[in-house]
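Here is a set of questions and answers for someone meeting this structure for the first time. Each answer works towards the value or name that was asked for.

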Amino acid sequence: MARAWDNNMSAYKTRSREIPFDDTWDVIVAGGGPAGCAAAAASAREGARTLLIESSGMLGGSATCALVPAWSPFSDKERIIYGGLAERVFNEGKKGTPHVKDSDMDWVPINAEHLKRVYDDLVTEFGVIVQFQTLLCEVETDDDGTVCAVVTASKAGMQAWRAKVFVDCTGDADLTAWAGGECQKGDEHGEKLMPATHCFVLSNVDDFAYLYGPNLHNANPNSPIYDIAASEKYPDIPDTHCCQNFIGPGTVGFNAGHVWDVDNTDPQSVSRGLMKGRKIAAQFRDALAEYCPRAFANAFLVSTGSQIGVRETRRIVGDYMLTMGDYLDRRKFDDEICRNSYFIDVHWAKDAMVRRTDQNDKWEATTFRYAKGESHGIPYRCLTPKSLKNVIVAGRSISCEQIVQSSVRIMPACLATGEAAGLAAALAAKASGHNVHAVDVAAIRDKLRGYGAYLP
């Protein structure tokens with residue numbers, strides 16, 4: 001099925017030609033972020049011949065390509081609730097940050113270079129075949145909603161691939177959308193996507209002055225970020241968003257500032273966003289050197305993410321849509337495949353950006369944070385696109401309302417939904433018809449529990 005063209009573009013018909021075709025796969029996973037890595041590992045662990053296609057040169061997505069400097073909380077303030085492969089990746093990742101205590105479960109810093117190898121080892125241990133620098137560019141379906149093949153582009157040229165089951169972990173539901181699956185994006189008008197952030201790393205930071213100096217986070221009403229954001233000297237710093245983590249000796253990772261009007265399904269907007277993000281990062285370095293000289297006077301901007309940190313684009317319309325009511329009710333589901341306890345983390349529109357402490361207090365009032373031990377379930381039905389038979393989705397584009405997406409999009413939840421999706425894909429690949437809607441969910445849940453998932 002061909003993709004819809006932009007209304008402003010004319011059509012060009014390509015010359016008909018044959019391309020290489022590989023139809024030997026049980027499961028193909030598109031996208032090598034946390035969801036894709038967990039999905040591929042879980043599929044191969046069940047004995048399915050599994051291919052993982054990734055557009056960049058590394059696995060890990062937001063934590064490695066985009067340099068997000070910390071894990072969102074893995075616990076419900078009592079215990080780790082993102083178990084199984086998620087917990088394994090988390091614990092292996094901690095080995096790259098020896099200054100972190102073994103007991104730490106929430107907002108743990110990420111050593112991106114170390115984590116790349118953690119993901120490499122995870123997928124290769126189970127026999128996944130990985131193809132880097134390979135871009136998904138077309139999806140072919142039949143009249144019954146079965147994906148017959150995907151087409152990729154790489155330095156080897158165009159190639160077609162067939163599997164019994166496909167797992168869409170692109171983050172943008174590309175495979176699902178191009179196959180004709182129904183998707184939503186943004187609000188009810190298809191607008192107002194949450195802003196992106198271009199994460200960056202500063203080195204040559206004075207460790208003691210940073211760790212024992214002023215708290216830079218905007219939750220601190222005395223943070224220097226409020227003066228920085230108000231200064232006309234740094235016009236590219238748009239607001240007071242300033243999360244940061246000590247990731248290694250003399251090295252601090254920043255998830256700071258916002259870039260609006262970025263739609264990851266629109267390459268031109270992403271290109272503009274990356275350019276803007278690099279300017280924001282450079283001004284942050286200079287501003288911190290001025291306002292926090294003891295820590296940052298000699299700081300060096302060593303890296304910005306090779307990808308911009310995108311919070312949302314498409315969400316599939318699945319067999320069930322997770323709602324805000326489900327979140328507030330801490331709902332349990334008979335077919336839930338993981339639990340989630342992250343708060344409602346909506347990053348506001350440009351005209352509502354936080355520049356004063358009272359605005360931050362107003363934002364905090366909208367987060368609906370759970371009490372200790374509380375969580376909600378994510379049902380398997382949120383992973384299965386309604387109109388497609390052999391496609392499962394994991395990661396930030398599962399079926400949910402936009403406001404709930406702000407909670408379930410985090411990396412721990414992506415790892416958990418990814419493991420469930422990969423396991424289900426392997427079971428569907430073994431079954432007649434390869435229908436992901438017909439998989440025995442009780443069997444999925446039993447297997448997940450056996451692998452250490454938290455399913456109370």
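The model discussed here is a predicted one.

Q: How are α1 and α3 oriented to each other, roughly parallel or roughly antiparallel?
A: Helix α1, which spans residues 34–45, packs with helix α3, residues 112–125, at an angle of about 25°, and their axes are 8 Å apart. The cut-off for this class is an angle under 35 degrees. The two helices α1 and α3 are therefore roughly parallel.

Q: Which residues of α3 make the contact with α1?
A: The crossing of α1 and α3 is left-handed. On the side of α1 the contact is made by Pro34, Cys37 and Ala41, and on the side of α3 by Tyr119, Leu122 and Val123.

Q: How many nonpolar residues does the contact of α1 with α3 have?
A: Sorted by class, the contact of α1 with α3 has no charged residues and no polar ones. What the contact does have is nonpolar residues, and their number is six.

Q: Are α2 and α12 oblique or roughly parallel to each other?
A: The axes of helix α2 (residues 85–94) and helix α12 (residues 411–430) come within 8 Å, and they cross at roughly 135°. An angle over 145 would count as roughly antiparallel, and 65 to 115 as roughly perpendicular. The relation of α2 to α12 is therefore oblique.

Q: How many charged residues are in the contact of α2 with α12?
A: From α2, the residues Leu85, Ala86 and Val89 meet Pro412, Leu415, Ala416 and Glu419 of α12. Divided by class, the residues of this contact are six nonpolar, no polar and, for charged, one.

Q: Is Leu415 buried or exposed?
A: Leu415 lies in helix α12. Leaving aside neighbours within four places in sequence, Leu415 is in contact with several residues, including Pro34, Trp71, Phe74 and Tyr119. A residue counts as buried when its relative accessible area is under 20%. The relative accessible area of Leu415 is 0%, so Leu415 is buried.

Q: What percentage of the residues in the protein chain is buried?
A: The protein chain has 13 helices and 15 strands. Its radius of gyration is 22 Å, close to the 23 Å that the globule rule gives for 456 residues, so the chain is as compact as a globular protein of that length. Along the principal axes, the C-alpha atoms fill a box of roughly 65 × 55 × 40 Å. Of the 456 residues in the protein chain, the buried share is 58%.

Q: Where does Gln133, with its positive phi, lie?
A: Most residues other than glycine have a negative phi. Gln133 is not a glycine, and yet its phi is positive, at about 50°. With a relative accessibility of 56%, Gln133 counts as exposed. Gln133 lies in the loop between β3 (129–131) and β4 (135–141).

Q: Is Asp261 buried or exposed?
A: Asp261 is found in the loop between β10 (251–256) and α7 (267–291), and its phi is near 65°, a positive value in a residue other than glycine. Exposed means a relative accessible area over 50%. The value for Asp261 is 68%, so Asp261 is exposed.

Conventions
Residues numbered from 1 in each chain as written. Predicted model: local features only at pLDDT ≥ 70, side-chain atom pairs only at ≥ 80, totals over all residues. Heavy atoms only, no water. Axes fitted to C-alpha atoms, helices over the stretch in contact; angles between N-to-C directions. Helix = DSSP H or I, 4+ residues; strand = E, 2+ residues; numbered from the N terminus. Left-handed = near helix turned anticlockwise from the far one by under 90°. Contact = heavy atoms within 4.5 Å. Nonpolar A, V, L, I, M, F, W, Y, C, P; charged D, E, K, R; others polar. Rg over C-alpha atoms; globule rule 2.2 N^0.38 Å. Buried < 20%, exposed > 50% of the residue type's maximum accessible area, 1.4 Å probe, protein only.
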